[in-house]
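I opened my notebook to go through this structure one topic at a time. Here are my entries, in the order I looked things up.

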Amino acid sequence: SANPCSRARIVRNRSMVERYAVLEEELGQGMSGPVVVAERQSDGMKVALKSLPTVNLSEKRRDALCNEVEIHLRLDHPHVCKLLEVFEDDCAVHLIMELCS
């Protein structure tokens, strides 16, 4: 399906790269790839960007990804990096997170 996370609060009408410049710095490596630093173009705020590929996902994995995104969007705890925005395109779901030190 074109919209794997149709029930989540996800930006689909704008490209992530319209709002954020991806920087070279890698913060770490996750199961689904690197987490990198990006910069919000409107004000220069640095954020963490994690892109989760959605191409060829099984229905079970797609549902798990959507559930994870929805739960993270609802979390608000001082010891958990806040998920600020989520963008979805044809290949991936891009998580824009607070840059925690």
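**Ground rules.** I count two strands as paired if DSSP finds at least two bridges between them. Helices (H or I, at least four residues) and strands (E, at least two) are DSSP runs, numbered from the N terminus. I am working on a predicted model, where local features need pLDDT of at least 70 and side-chain atom pairs count only at pLDDT 80 or more, while totals for chains, interfaces and linings use all residues. Residues are numbered from 1 along each chain as its sequence is written, and side-chain values use heavy atoms, with hydrogens and water left out.

**The sheet.** E3 and E5 run antiparallel, and seven bridges join them. Stepping back, I read the strand order of the open five-stranded sheet as E1-E2-E3-E5-E4, with antiparallel pairing. E1 and E4 are the edge strands, each pairing on one side only. From one strand to the next, I noted an average twist of 30 degrees.

**The helix on the sheet.** I then looked at H2, which packs on the sheet and touches E3, E4 and E5. A contact here is heavy atoms within 4.5 Å. The direction of H2 makes about 150 degrees with that of E4; axes are lines fitted to C-alpha atoms, for helices over the stretch in contact, and angles run from 0 to 180 degrees between N-to-C directions.

**The cores.** My definition of a nonpolar core is a set of buried Ala, Val, Leu, Ile, Met, Phe, Trp, Tyr and Cys residues joined through side-chain atoms within 4.5 Å. Buried means under 20% relative accessible area, exposed over 50%, and partly exposed in between (1.4 Å probe, protein chains only). The largest core has twelve residues, including Ile10, Val35, Ala48, Leu65 and Met97. Strand E3 (46-53), helix H2 (59-74), strand E4 (83-88) and strand E5 (92-98) each give two or more residues to this core. Apart from it I found another core, of eight residues, with Met16, Tyr20, Val47 and Ile96 among them. I also checked Val35: beyond four places in sequence, its contacts include Glu26, Leu27, Ala48 and Met97.

**The aromatic pair.** How many aromatic pairs does a search of the whole structure find? I got one. My cut-offs: rings of Phe, Tyr and Trp (its six-membered ring) pair if their centres lie within 6.5 Å, and planes under 30 degrees apart count as stacked, over 60 as edge-to-face and the rest as tilted. The ring centres of Tyr20 and Phe87 are 6.1 Å apart and the planes stand at 75 degrees, so I logged the pair as edge-to-face. Tyr20 is in strand E1 (residues 20-30) and Phe87 in strand E4, so the pair ties together parts 67 residues apart in sequence. Both Tyr20 and Phe87 are buried.

**The salt bridges.** I searched the whole structure and found four, a salt bridge being a side-chain nitrogen of Lys or Arg within 4 Å of a carboxyl oxygen of Asp or Glu. Glu85 and Arg19 meet in one of them, at 2.7 Å from N to O. This pair links distant parts of the chain, with Glu85 in strand E4 and Arg19 in helix H1 (residues 16-19), 66 residues apart. Glu85 is buried at 16% relative accessible area, whereas Arg19 is partly exposed at 24%. In another entry, Lys82 bridges to Asp76, with the closest N and O atoms 3.7 Å apart. Lys82 is partly exposed at 33%, and Asp76 is exposed at 65%.
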